[in-house]
Amino acid sequence: MLKRFSKALLLLCISAPAFAQLPADEQTATELSKKYKKEDVACLSSYHYFTFDKGKNALGEKVVVIQEDAEMEFISLKKFATLTYPEFYNRFVQLKVFKKAVKMGSKYITSDRAGIDHAVTEDGVFFDDSRVQYYPLRFDQKGAMQRITLKKEYSDGKYLTRVFFHMPYPVKEQAFEFKVPEWLSVDFKPMNFTGYKIEKTETKKGGYTSYVFVMKDLPPITNEFKSVGRAFRDPHIVIQIKSFEAKGESLKGFDKVDDIYNWNNKLYMMAGNQPDKLKPVLAKILQGKTTEEDKIKAVYYWVQDNIRYIAYEDGYSGYIPSSAQDVLEKKYGDCKGMANLLTEFLKLAGVDAHFTWIGTRSIPYPQSLPALCVNNHAICTIYYKDKEYFLDATEKYVPFGENAFRIQGKEAMIAKGDAFEIKQVPLTTGNEHKVQTNASLALNNNTLTGSVKVTLTGNERTDFQQEYQQLPMTSQKDFLNGMLEFGNDNMQATDIKTSDLSNREVPVTVEGKVNLDNNVNTIAGDKYISIDFFPKTLQRYTPDEKRVTAYDFDYVLTYDDDISLTVPNGWKFTDIPQKLELTSDGYSFKGDYTVVNNTITLRKTLTIKNNIINVSDFANWKKFLESIKEFNKYFLTVTQNAK
Amino acid sequence: MPSNMKHYFATHRVKAFFLFAALLVSGTLTAQTYIDDGFLDNIEKNAKSVWDEPSPAFTSNNTPDAWKNESAIIMGYKRSILFDKKSSGGFFTARENSVYFFEKVRFKIKVQDKNSVEHFSEIYFRYGDKQDGFNAHIIKPGGEVQNVDLKEAVSVESTSDVPEFFKSFFDQSYSSQRRYYKVAVSNLEPGDILEYVANTKSNLNVTGAGFVEFTPQYEVCSKSYPVAYNEIDIETDSKSFFKSLSLNGAPEFNKESTDDKDFFKYVFIDKNREIQKDINFINELTVYPVVKFQVIYANKPNAKGVLIGDKGELKKGFSREELAKKAWEDYEAVGDYPYAPGNAYATVQFVINSSWADLKKLGAKEWPEKQYVERAYYYVRHLVVYRDTYLSDKMFAYIFGSLLYQRDIQSELVISISNDIGKLKDVLFDQEIRYAIKLNNQYYFNCTDHSNPGDMVQSLLGNDAYIIYKPAAKTGAQDIKPITLPEVTADDNTAVYNIEASLDAGMNNLSVKRKNTFTGISKAREMDEAMKFTTYMLDDYKYYGGGSPTDNMKSAQADEYQKSTTALKDEFKEAKPEFAKQELQREFGHNVKFSDYKIASDGRSVKNKTLDFTETFELPDITRKAGRKYLLSLTGLVGGQLQIKEEQRDRKLDISVGYPHTLTWNISFKIPDGYTVAGLTELNTNVENEAGKYSCEAKEENGSVVIKIIKCYKQRNVPKENWKNMLAFIDEAYNSSFKYILLKPKS
């Protein structure tokens, strides 16, 4: 049996003294460790040198080939320290050289061992070509140093889209040098440079222009809970190969958005659709559908319900959609495959439908930036009654006319043959995505009994459907009960009724009878009761003093509670809590208790209007949360009238 | 929902770093090359023979109505494994050195909802040999059969990623890294039946091996879905032996005739098995229907040291004489084992010799016997402290027993079985035999990093055991003395929490100083967490009377050692508070502001066996308001209590508590100045029966609220008929944890 705590003991077993490091290295380590107290290892220098050449990609096209030579020197800030250094690669980005060297005295000795190689396919992807090689760097002396050197080749310059300065470890100096030949026109777009000291130099020599970007004293990347994506906040460079000359011919890269479209569209056209093969199934789907809207819905919902998300994304499979007939036959596909099938189905049904590329909200760039890092998703756009509708077949149970939050506000690149159109997916507010809770409770001895109804609209309804419909049948009842039990272990729901859960277009309602124990405290004849079941104080989102990044909730929504409690005749409520109303640009809260005879009603509304809480707003946000927490603390006092 | 398009390398460069870190932890690395077209030529053809075999249980596509609301139904699951050393198929060479395994699997499942469709959207198969075969199809509700195309199958990097129903028996038995592939199943929808057959061949080189014991199997009849039909066929040649034991109502393996007199066939069939629903206080192997079985290859019918029956016998258990003989033979062989895995140079006997030499240098020959026994135990514990893995029971007993023998102290060897598995009569595998040393009236069980001589072990409490002796040289006769291992009571295993608490001036945050004291098995269970990020290992040598590691070091080495220990202390000093805070937050389900952690007694010596440490922390925002009054749940300071949900209240299976134990909370809460307290009498309760107890006594005393809470599990095992007794005190403890006291302003 493996013991649980053996690492420390292993370290102590090292009896032979390690090769002594130079005093200067130890001094450097001491200085860095004072600055980065929680870090074990720092990078003293990280230098990436990019050179450009001409070549051909797998499609036989003339392209720019990029070579990256990099060297990173690491120093241990503690006696015992480890760092795993990974280098990622795939079919388009080959790792030609990857070496680790250990500093012995003043010299580096290169290890014979190759990096450990693994696939790194993300959850949700069935198959791709993403791989990593990594070295575990182990140090047994403060000031000990190791070095990583590597050489990578980007077989098509399109796939070097951006470089970030910050790393998961502190970096004393991060440098990116691009040696650009005269035959190449390339742009280095600075992103989020404001507020950071990044030196840029440009030197012309021997037919090349060298662009060097240097940033010093970088803290490690902070990986905080619900953090806004780093592309929104961390400085980085987007590399845009605009054009190049080959044998006197001027060849296009990604200079304008048209160039990106042409590339995307070219790969889309390679899908090899055979619409005739879709017709028999389409005829069944459209059976009995007479209006255009009915047809659109029938097709959209059929694809949502019948095509499973299974992604093959190796090499160009990551860019070229599977053919519509292939997706239909297999009944699975990735976003491109589903969007392709949906588009072809709708076209056959006479709808003005178009394949569309889009970046989800995790990507900050507009479509005007001609780079591959702008889009990471594919959907279908239709024009219906003078309006665009964005249909995302990967979003199960989303009704026609509604959009998942992850694409809202984003620009969509809509394919229209040789041309394209860019349109924005409408952004919604928290009011359109609501969790409404109505409860009517009565005090019955020391138990609260009554009924609860929860109504979900917008994305909250879709989220419910996605979770509920995917559960094993044996767990669905418990899930519905849980909706009415408010996560309170003492609540027991029975006689559950729901709206028609097979209809994704109507609000979801779940209602039933409830019985709540352990919620009434009888002390000296009085009863103390809380009916504020959904505190929603968002405590997990309270930033501490160390938090440096903005929150991104990934949703906007409104909680709307209406909870009443009726006590028996002869009893009354005393000490009614004060009402609370808070309004801010991004969020608001309103809570109020009212008493009518022997019934008290809590009406409470919390709206998250903006999914982002910026660092500059943290003080206000904390005050907001504190106030709600204080409001939620109240227990109602119920006393007998005779008292 | 993941973003779905191709990952642009540079886009995800740093994101990928974090993903990578997560993958290293979770070990879910997958895939990744397409299957070789050449394989496809053979694989489906090789599977045909399995389809062609008559299998009446797989004929029908109907499922019982009773299971219509289940997520999926396993309609049939049949595994047939042939163990063949000789040339049964006629194609081995005469000097064959391997045992071959021919494994056939047929699996048929009806997926009834989207969840099970998702689970079986990807199917896995092995292709490690040109004779391996696999074929799958789906059967639509109308009866149409659609073949699953394998041409887009991709390789799987780690066998551990292969789900239960797709892994070869041999791979489960030998954890070999075979080549597996996975493929997405086209057109699978709720209501469909998915069926596959697999046909694999594996081999194991047994040159020079006297015997090979394949991993013991525990086939729990109930699975994650109801099972209509489950069959396991084991066929062996005359070189392999089979044994099996069915427990808790599981069907038995039956011996069936074969065409070849040198082959033996054993068949297990289970039908209409529901899924298990009880989840609390369950000891799976002692209550669930389970069949244990094992195949052993032996080159001689009477291979010494093998717990087997006769050639062709379906062995279902072993007499105490057989067990004792096997246990003694195994025990005697330990001296020649490598002390650490992969290190053949340092045998256990070598370590014993050097340990005895060390102890002698320390004057062990002169120590009184009692002191020697303790120190020998601590010497073994010290060895364990500096090992990556714990010693097996058998190795511990051998080392400790040998060290006693060196001082001419005659101890006795005890064998038993874990009470998680059953009684001695249920021993089927030698891996199930547990060892201990008895000296006078004291038992010495295998040690951990923190145990003391004589400490009890939960898994052996009260079980039946034998004291076994060396067999007579001439006759082989062996003395065996049946005994029962000691039981413990709830008073032996205690956790006492003395809590001093007070509210801050804002009546919002509760300051807590909690002194925790543990004894017995309660202590043993607490030790790992309590001692985590402490440097107990640095002075562990003192317990056996040893000298500091630096005593024999040269100056430079000693400096290096000091630097190392300083670095370790510094690291732990930072890590401990965070760890303690996380543990408290988990315990209370509430934010904690952590202040201090102090160990008064680590309980690692016979002189002081009690673990005693104090935590100081604050529970913010703990009060509730009612006008100018405050409500505070002091009973909530016991932490989260077990809730038995409605669906768990009808008990079908006997109850295993693990060990009897008592938890006591002594809470002293200082009543804030200017306030009076009410609600104490409402806290008082006492529920007690033969299974356990929950009591709460609250009073006001010298300006403080004083509460004493006791929760006691009196019995280790409770029959299902007495579940109501368990519910009585468990419910009371749960309900009490929601009670508040009231603090009223005096004016």
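Residues are numbered from 1 along each chain as its sequence is written, while chains are lettered from A and ligands numbered from 1 in the order in which they are written. In this predicted model, local features need pLDDT of at least 70 and side-chain atom pairs count only at pLDDT 80 or more, whereas totals for chains, interfaces and linings use all residues.

Colleague: What pLDDT does chain A average, and which residues stay under 50?

Modeller: The pLDDT is the predictor's confidence in each residue, from 0 to 100. Stretches below 50 in chain A include residues 13-18, which have 10 contacts in the model beyond near neighbours in sequence; two residues are in contact if their C-beta atoms, placed from the backbone, lie within 7 Å. In chain A, 96% of the residues score at least 70, and the average is 92. The pLDDT also stays under 50, with 10 contacts beyond four places in sequence, over residues 4-11 of chain A.

Colleague: How many helices and strands are there in chain A?

Modeller: Helices (H or I, at least four residues) and strands (E, at least two) are DSSP runs, numbered from the N terminus. The C-alpha trace of chain A spans about 95 × 70 × 50 Å along its principal axes. Chain A contains 10 helices and 38 strands.

Colleague: What share of the residues of chain B counts as buried?

Modeller: A residue is buried if 20 or more other C-beta atoms lie within 10 Å of its own, exposed if 12 or fewer, and partly exposed in between, with C-beta atoms placed from the backbone. Chain B has 12 helices and 37 strands, and its C-alpha atoms fill a box of roughly 95 × 70 × 60 Å along the principal axes. Among contacts in chain B with a separation of 6 or more, 76% are between residues 24 or more positions apart. Of the 747 residues of chain B, the buried share is 42%.

Colleague: Against which strands do the buried residues of α12(B) pack?

Modeller: Helix α12 of chain B (residues 723-736) has 14 residues and reaches 20 Å from its first C-alpha to its last, close to the 20 Å expected. Its buried residues include B:W723, B:M726, B:F729, B:I730 and B:A733. An α-helix has 3.6 residues a turn, so residues three or four places apart point the same way. In α12(B), the buried residues pack against β30 (655-656), β33 (685-688), β34 (692-701), β35 (704-713) and β36 (717-718) of chain B.

Colleague: Is the crossing of α8(B) and α9(B) left-handed or right-handed?

Modeller: The axes of α8 (residues 369-385) and α9 (residues 393-406) of chain B come within 10 Å and cross at roughly 145°; axes are lines fitted to C-alpha atoms, for helices over the stretch in contact, and angles run from 0 to 180 degrees between N-to-C directions. Residues of α8(B), including B:V373 and B:Y377, meet residues of α9(B), including B:F396 and B:F400. A crossing is left-handed if the near helix is turned anticlockwise from the far one by less than a right angle, and right-handed if clockwise. The crossing of α8(B) and α9(B) is right-handed.

Colleague: Is B:F533 buried or exposed?

Modeller: Although it is not a glycine, B:F533 has a positive phi of about 60°. B:F533 lies in the loop between α10 (520-531) and α11 (555-588) of chain B. Because 20 other C-beta atoms lie within 10 Å, B:F533 is buried.

Colleague: Is B:M507 buried or partly exposed?

Modeller: B:M507, a residue other than glycine, has a positive phi near 55°. The loop between β24 (494-503) and β25 (510-518) of chain B holds B:M507. With 18 other C-beta atoms within 10 Å, B:M507 is therefore partly exposed.

Colleague: Which residues does A:K590 touch, not counting residues up to four places away in sequence?

Modeller: A:K590 is in strand β35 (residues 587-596) of chain A. A:K590 is partly exposed, as 15 other C-beta atoms lie within 10 Å. Beyond four places in sequence, A:K590 touches A:E581 and A:T605.

Key: The expected span of a helix is 1.5 Å times one less than its number of residues.
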